[in-house]
Amino acid sequence: MLSPQQAVAEILARIEGLVAEETVPIATAVGRVLAEEVVSDIDLPPFDRSAMDGYAVRAADLPGGAEGPPGGERTLPIVGESRAGEPFRGRVPEGTCIAIYTGAEVPPDCDAVVMVEETERRNGDVTIRARPSAGQHIAPRGQDLRVGLGVLTPGHRLRAADLSVLASVGCDPVPVYRRPRAAILTTGDELLPPSQRPGPGQIREGNTLHLAAMVAAAGAEPRNLGIVRDDPAELERSLATALEDCDVLLTTGGVSMGRYDLVGEVLERLGVEPVFHKVAIKPGKPIWFGMRGRQPVFALPGNPVSCLVGHEVFVRPALARMGGASAAEVQPEERLARWNGSETVPNRREQYVPSLLLQGRDGHVLVEPVRWNGSGDVVGLSRSSALAVIPADRSVARGELVRYLPLA
Ligand code: AMP
Ligand code: MG
């Protein structure tokens, strides 16, 4: 049986980015993956900008120390005003100043701004108590970014703060990769949609909703095709239709060893080449993965926690790769926390344990298993904020560092 790491390698070896690009307005770009380098068309700030309300001066007119005037004050005539959106256009002769406001352009004759709090205005003059240094309270043109330089690179998933950058450099619309379209369906004669009340032997199904939400959070576009019966003909029809109109197919249920676990064989009949069936992971062992041309197919087990683990460990990196995300997003750095449960019993399979992340008293992050009753327990699952990863074939004692996957 493959280890989870081997299985991820098998998956990523077969999956390429979709490549297709589109443009979207800045307002809808958050969460999308940049497809091209963003280059600035201007300097940022675009002009020498005042960071304060006050007076723009020549620092040399207000010398400090022994060169300064007795009493430490000097009065300068105010020859104009520069405000945001309306710069001062004239000269500022030696021994004079202008009034200036936050965000306004500092005229080339001036090299410092004195805060209004350090001044006193009387008629057309201002008395200045401060001894400014050259450059004080001025954000010089091009300090943050120079025209022609790149600021965001392809593969970067846009965050809220990036929208300000895109806006500042005039990148609208934004070139992004197309989102992978993920078709999602679940199989099982016992399954009902949430609106119905279960009869004997029936349960309401939540996997497709859970998967769709996780897929959307991973930057893909989910399409929930709902429930399919454990009937070979119906399954074949539904899977064939689903495969026609998606970049990646996700199913849950019907991949164990039971008589009614038909998904793998039906997928093979539809031309999906099997890559592996079963991974040494707990829960989630019966996962089936195959490719139909460039189209990956993940058949996850039906137990809700198995389905979640299958998504987090195998599907998420695949969606990131398909969507053109950076290597750091496809395979993020490991996160570690101290195990805050009792000593674990060694298992042949790597275990993923629904857990809570806590702040320990000594400042360390703790990962503590929640009370749950196995891979069908959605109530226990909803109390968790992470999956703690217990390595195969060894036990972990309280306080030892373990890897964890945060849950959104
Ligand atoms: P299976 O993988 O089809 O053998 O299903 C394993 C367990 O998960 C069974 O108890 C199923 O009833 C349950 N199950 C299957 N699909 C779903 C689903 N979509 N939502 C919730 N539970 C499910
Ligand atoms: Mg089933």
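Val19 is exposed, its relative accessible area being 61%. In this predicted model, Val19 sits in the loop between α1 and β1 (21-24). The phi angle of Val19 is near 70°, a positive value in a residue other than glycine.

Asn123 also has a positive phi, near 50°, and is not a glycine. Asn123 is placed in the loop between β8 (119-122) and β9 (125-128). Its relative accessibility is 75%, so Asn123 counts as exposed, the cut-off being over 50%.

## Cis peptide bonds

Most residues other than glycine have a negative phi, and most peptide bonds are trans. The bond from Leu44 to Pro45 is cis, with omega near -10°. Pro45 belongs to the loop between β2 (38-39) and β3 (49-50).

A cis peptide bond also runs from Asp172 to Pro173, where omega is near 0°. The loop that holds Pro173 lies between α2 (160-168) and β12 (174-177).

## Domains

Which domains does the assignment give for the protein chain? They are domain 1 (4-18 + 179-330), domain 2 (21-44 + 144-177), domain 3 (49-139) and domain 4 (335-406).

The centres of domain 1 and domain 4, taken over C-alpha atoms, are separated by 25 Å. Domain 1 brings 16 residues to the contact and domain 4 brings 17 residues.

## Nonpolar cores

The largest nonpolar core has 46 residues, and the members that touch the most others are Ile11, Leu250, Phe298, Val313, Phe314 and Tyr352. At least two residues of this core come from each of α1 (4-12), β13 (181-187), α3 (207-217), β17 (248-252), β20 (288-292), β21 (295-300), α6 (304-322) and β25 (386-390). The element that gives the most is α6, with 11 residues.

Ile11 is in contact with Phe276, Phe289, Phe298, Phe314 and Ala318, leaving aside neighbours within four places in sequence. Another core, of 19 residues, lies apart from the largest one; among its members are Ala183, Ala242, Leu243 and Val266.

## The largest pocket

The volume of the largest pocket is about 940 Å³. Its lining consists of 29 residues, and those nearest its centre are Arg316, Glu329, Val330, Pro332 and Leu405. Two or more lining residues come from each of α1, α6, α7 (327-330), β23 (350-359) and β26 (401-406).

Which element gives the most to this lining? It is α6, with five residues. Sorted by class, the lining of the largest pocket holds 15 nonpolar, five polar and nine charged residues.

## The second largest pocket

The second largest pocket has a volume of about 540 Å³. It is lined by 31 residues, and Ile203, Asn207, Gly302, Asn303 and Pro304 are the closest to its centre. The elements β13, β15 (203-204), α3, α6 and α8 (378-382) give two or more residues each to the lining. Of these elements, α8 gives the most, with three residues.

By class, the lining of the second largest pocket has 17 polar, nine nonpolar and five charged residues. From which domains does this lining draw at least three residues each? They are domain 1 (4-18 + 179-330) and domain 4 (335-406).

Definitions and conventions: Residues are numbered from 1 along each chain as its sequence is written. Chains are lettered from A and ligands numbered from 1 in the order in which they are written. This is a predicted model: local features need pLDDT of at least 70, side-chain atom pairs count only at pLDDT 80 or more; totals for chains, interfaces and linings use all residues. Side-chain values use heavy atoms; hydrogens and water are left out. A nonpolar core is a set of buried Ala, Val, Leu, Ile, Met, Phe, Trp, Tyr and Cys residues joined through side-chain atoms within 4.5 Å. Buried means under 20% relative accessible area, exposed over 50%, partly exposed in between (1.4 Å probe, protein chains only). Helices (H or I, at least four residues) and strands (E, at least two) are DSSP runs, numbered from the N terminus. Contact means heavy atoms within 4.5 Å. On a 1 Å grid over the protein atoms alone, a cavity is a set of points where a 1.4 Å probe fits but cannot get out, and a pocket is an open set with protein on both sides within 12 Å along at least five of seven lines; lining residues have an atom within 4 Å of a point. Grid points are joined across faces, edges and corners, and a volume is the space filled by probe spheres set on the points. Ala, Val, Leu, Ile, Met, Phe, Trp, Tyr, Cys and Pro count as nonpolar, Asp, Glu, Lys and Arg as charged, and the others, Gly among them, as polar. Domain bounds come from an automatic or database domain assignment.
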